[in-house]
Amino acid sequence: MKNILQLLFPAKCPFCGVVLGREEEGICAACLPHLPEVTEPCCKRCGKPIMSVEEEYCMDCSHKNSVLKQGTALWVYTDTMRKAMADFKYQGCLADGDFYGKEILRVKGEILRSWNPACIIPVPLHWRRRWFRGFNQAAYIAYVVGEEMGIPVLEDALLRTRNTSPQKGLNDKQRKENLEDAFAVNPVWLEEIAAHRKVLLVDDIYTTGATLETCGLTLKNAGVEEVYFICLCIGSDC
């Protein structure tokens, strides 16, 4: 059955769309060497690429007191990555999610293990948006990572209580107002969340970090001591 499905719906490279060969897994051989990987120097707090090794923080982190302990990301958010993330979210390319989760483990597994999170929590979608898409892309990646690392994924521990507008195109003030009272800890998980000292948040894209900051504050107000995060893509100060 699997072979028949592969013939009917052959796997494609998420970055260029070419049908993958038998020996290719997740990405074509031509694209693999050209992914815009995040490399040093990076912001010590969010992992965003910065201009100089003499700097410690990116422009965003240097002007705010973050509730997030530390974060990291796989790739710089280029036009190529923007298309790939959109296809993943809006075209239901779930096979891409398997590749993304495995890449997180391959490239960032060591740092994630050093953080030693007690659980993984994906950034939630509002139920209307999740119903429309059919899945939460952050949760899909979280389960791939959690299964390999043996860390429980609490998909519904955080709830998005308001169907907020997209953050794209908003300035810093508008982003904060848009996310005000937008998240809450699920009462079902409140006692367990409070018992966790370290939590790992998972999301697909980090721009200014407003969404993750709001999620982190919600968790810390519920008793979590340290909040870390991993994203697939992040902006750059370079």
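In the predicted model, helix α8 covers residues 210-221, and its 12 residues reach 16 Å from the first C-alpha to the last, close to the 16 Å expected at 1.5 Å a residue. The buried residues of α8 are Ala-210, Thr-211, Leu-212, Glu-213, Cys-215, Gly-216, Thr-218 and Leu-219. After the helix comes Gly-223, which has a positive phi, near 115°.

Leu-219, in helix α8, has a relative accessibility of 0% and therefore counts as buried, the cut-off being under 20%. Leaving aside neighbours within four places in sequence, Leu-219 is in contact with Ile-121, Leu-158, Val-185, Ile-193, Val-199, Leu-201, Val-224 and Val-227. The C-alpha atoms of Leu-219 and Val-67 are 9.7 Å apart in space, although the two residues are separated by 152 places in sequence.

The chain as a whole contains eight helices and six strands. Their order from the N terminus is α-β-α-α-β-α-α-β-α-β-α-β-α-β. Of the 238 residues, 49% count as buried. Among contacts between residues at least 6 apart in sequence, 71% join residues at least 24 apart.

Beyond four places in sequence, Trp-75 touches Phe-15, Leu-35, Pro-36, Glu-37, Val-38, Met-81, Phe-99, Tyr-100, Glu-103, Leu-232, Cys-233 and Ile-234.

At the start of α5, a side-chain oxygen of Asn-136 reaches to within 3.0 Å of the backbone nitrogen of Ala-138. The helix is followed by Gly-150, whose phi is positive, near 70°. Buried residues of α5 are Gln-137, Ala-138, Ala-139, Ile-141, Ala-142, Val-144, Val-145, Gly-146 and Met-149. The elements that cover these buried residues include α2, α3, β2 (119-122), α4 (127-133), β5 and β6.

Helix α2, one of the elements covering α5, spans residues 79-90 and contains Lys-89. With a relative accessibility of 14%, Lys-89 falls under the 20% cut-off and so counts as buried. The side chains of Lys-89 and Asp-204 are joined by a polar contact of 3.4 Å. Not counting residues up to four places away in sequence, Lys-89 touches Arg-133, Phe-135, Gln-137, Asp-204 and Ile-205.

Technical notes: Residues numbered from 1 in each chain as written. Predicted model: local features only at pLDDT ≥ 70, side-chain atom pairs only at ≥ 80, totals over all residues. Heavy atoms only, no water. Helix = DSSP H or I, 4+ residues; strand = E, 2+ residues; numbered from the N terminus. Buried < 20%, exposed > 50% of the residue type's maximum accessible area, 1.4 Å probe, protein only. Contact = heavy atoms within 4.5 Å. Polar contact = N/O pair within 3.5 Å; in protein donor to acceptor, adjacent residues only side chain to side chain. Expected span 1.5 Å × (residues − 1).
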